[in-house]
Amino acid sequence: FKNLTRVESELDCAIGCVEKFSPNALFLDGSVVPHPADKPNKESALFDDYERVIAKFKQLYSACVKQNCFLAGVIKDSKGKNFLEALKENAELEKEFFRALNYSNDSSFITHLLKVGERTGFLKYSQNELAVKDLGEWSGKISTAYIRAVEFDRPLRIDFLNASQKQSEDGINLVYSLSKTHRAYGYPAVLIEADLRATLDPKEMEFACHELFSRLPNANLTLRRNNRPFR
């Protein structure tokens, strides 16, 4: 419920930005497709919330196509294997090397494959995820690319809504140009700033929690491990 509520709020904000400002590009922190862990069972009380989030994704895609806006989601830490699966299907590999790929993932492998400033080709987003299939006709219009932005960090994974070849290349290059501010942390500066603006002060959150708990008589809702009177 927490994740679905957050994603819906972010999508509402993204849709509003596209419709109001008509930007050339829009970047999301995270993928442009639903996370598979966010999909509840059909019997769940949250399934209606999930379907509403899916509808928001589709609305965002439509708005970006209408405004000719390049939509990309930038993933900090990817565990995907889309690139490796494509490699195994289309390349002649030694048996031992082929087996080794089963114990790796795209991010680890591509770290050793790309030099700074290089990227992979554009890959069709994996259709094996159940949540992706819920996107209907949009499910086949999402692509993925990896780019090595800085020397001492892993490549960035970028999921994006299919556009023209030039718009896609320009969009990926824009992500690259914005991700070179620190040689040990390759991530778009605009998303770093957005995160800093959105982050709540932990002290303010702690104060709010204490205020709420103080109004609940005889309630001790904190974990015992975090509430020790001694060490």
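Q: What are the limits and conventions of the model?
A: This is a predicted model, in which local features need pLDDT of at least 70 and side-chain atom pairs count only at pLDDT 80 or more, while totals for chains, interfaces and linings use all residues. Residues are numbered from 1 along each chain as its sequence is written, and side-chain values use heavy atoms, with hydrogens and water left out.

Q: How do you know that β4 pairs with strand β3 and with strand β5?
A: Strands are DSSP runs of E with at least two residues, helices are runs of H or I with at least four, and both are numbered from the N terminus. Two strands pair if DSSP finds at least two bridges between them. Strand β3 (residues 123-124) and β4 have two bridges, in the antiparallel sense. β4 and strand β5 (residues 156-161) have six bridges, also antiparallel. S143 takes part on both sides: S143 is the bridge partner of K124, and in β5 the partner of S143 is F160.

Q: Why is the contact between D134 and K39 called a salt bridge?
A: A salt bridge is a side-chain nitrogen of Lys or Arg within 4 Å of a carboxyl oxygen of Asp or Glu. The closest N and O atoms of D134 and K39 are 2.9 Å apart, and the pair is a salt bridge. The partners are 95 residues apart, with D134 in the loop between α6 (130-133) and β4 and K39 in the loop between β1 and α2. D134 has 27% relative accessibility, so D134 counts as partly exposed. K39 also has 27%, so K39 is partly exposed. By this rule the count comes to 12 salt bridges.

Q: How are R52 and D49 classed, buried or partly exposed?
A: R52 has 36% relative accessibility and therefore counts as partly exposed, whereas D49, at 18%, counts as buried. Their side chains meet in a salt bridge at 2.7 Å, N to O. R52 and D49 both lie in helix α2, three residues apart, about one turn of the helix.

Q: Why is R157 classed as it is, and how is D159 classed?
A: R157 has a relative accessible area of 12%, so R157 is buried. D159 has 0% relative accessibility, so D159 counts as buried. The closest N and O atoms of this salt bridge are 2.7 Å apart. Elsewhere, salt bridges that share partners join E8, D49 and R52 into one network.

Q: Why is the pair of F70 and F160 called tilted?
A: A pair of aromatic rings is described by the distance of the centres and the angle of the planes. Rings of Phe, Tyr and Trp (its six-membered ring) pair if their centres lie within 6.5 Å; planes under 30 degrees apart count as stacked, over 60 as edge-to-face and the rest as tilted. A search of the whole structure finds seven aromatic pairs. The rings of F70 and F160 have their centres 5.7 Å apart and their planes at 35°, so the pair is tilted. F70 in strand β2 and F160 in strand β5 are 90 residues apart. F70 is buried at 2% relative accessibility, and F160 is buried with a relative accessible area of 1%. F57, Y61 and W138 form one aromatic cluster.

Q: What makes a space a pocket, and what lines the largest pocket?
A: On a 1 Å grid over the protein atoms alone, a cavity is a set of points where a 1.4 Å probe fits but cannot get out, and a pocket is an open set with protein on both sides within 12 Å along at least five of seven lines; lining residues have an atom within 4 Å of a point. The largest pocket is lined by 33 residues, of which G30, S31, V33, H35 and I75 lie nearest its centre. α1 gives the most to this lining, with six residues.

Definitions and conventions:
Buried < 20%, exposed > 50% of the residue type's maximum accessible area, 1.4 Å probe, protein only.
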